[in-house]
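Subject: Structure handover

Hello,

Here is the structure for your files. My notes on what was found in it follow below.

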Amino acid sequence: MQERRVISVTVINESSVLSRISGLFAGRGYNIETLVVAPIPDSNLSHITITTSGDSRVLEQIIKQLHKLIPVLTVTEHCDMVEKEMALIKFSSDTPLAEIEALARSFGGEIAAGDAKQVIMVATRSPSRINDLISLAKRFRPKEIIRSGVIAIERS
């Protein structure tokens, strides 16, 4: 049975770490749905958030293998996490600005930039709310949609 997993990994920030981690997934034929990597302030560490879906047995093996990688310090895989994702959506300047602003506000977003050619909306919400936003935005025929990928932090 397929299940969704969010895996949070703290690593020593050095070359080839990301390659080794993604290789664990590729070697078992699993896709990484989203991958976000960022340095941890005032340290030589990075935080990696991976979203994937798959068979629970194989995902448990991947988690065990992650723990064994030398540059990996911690692996957190928990269902009680706060998850956020950002979306940037670009519209033609012909699109009614009031309607774009109303859509953005209804998802806690805003107009991030605009000029004579285009308007760019930004919103940060849970992945499911970002899905809803994108679904509704499609009626305005956006020129481009960019998603950041999921970032997550354990609640406890």
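I start with aspartate 80, which is partly exposed because its relative accessibility is 33%. Please keep in mind that this is a predicted model.

Aspartate 80 has a partner: arginine 155 forms a salt bridge with it, and the closest N and O atoms are 2.9 Å apart. Arginine 155 sits in the segment after strand S9 (151-154), while aspartate 80 belongs to the loop between S4 and strand S5 (81-92), so this pair ties together parts that are 75 residues apart in sequence. Arginine 155 is itself exposed, at a relative accessible area of 56%.

That pair is one of several. How many salt bridges does the count come to? The count is nine. Side chains of opposite charge can pair when their charged atoms come close.

Another of these bridges joins arginine 5 to glutamate 77, with 3.0 Å between the closest N and O atoms. Arginine 5 is in strand S1 (residues 2-12) and glutamate 77 is in strand S4 (residues 72-77), so the bridge ties together parts 72 residues apart in sequence. Is arginine 5 buried or exposed? Its relative accessible area is 8%, and since buried means under 20%, arginine 5 counts as buried. Glutamate 77, in contrast, is partly exposed at 29% relative accessibility. Both residues also belong to a network of salt bridges that links Glu3, Arg5, Glu60 and Glu77.

The side chains of aspartate 132 and arginine 129 meet in a salt bridge, at 3.8 Å from N to O. The two residues are three apart in helix H4 (residues 127-137), which means that about one helical turn separates them. Aspartate 132 is partly exposed, with a relative accessible area of 38%, and arginine 129 is partly exposed as well, at 32%.

Last, a note on isoleucine 145, which is found in strand S8 (residues 144-147). Isoleucine 145 is partly exposed, its relative accessible area being 30%. Which residues does isoleucine 145 contact, leaving aside its neighbours within four places in sequence? They are Leu88, Ile89 and Ile134. Valine 72 is 73 residues from isoleucine 145 along the chain, and the C-alpha atoms of the two are separated by 33 Å.

Regards

Notes
Residues are numbered from 1 along each chain as its sequence is written. This is a predicted model: local features need pLDDT of at least 70, side-chain atom pairs count only at pLDDT 80 or more; totals for chains, interfaces and linings use all residues. Side-chain values use heavy atoms; hydrogens and water are left out. Helices (H or I, at least four residues) and strands (E, at least two) are DSSP runs, numbered from the N terminus. Buried means under 20% relative accessible area, exposed over 50%, partly exposed in between (1.4 Å probe, protein chains only). Contact means heavy atoms within 4.5 Å. A salt bridge is a side-chain nitrogen of Lys or Arg within 4 Å of a carboxyl oxygen of Asp or Glu.
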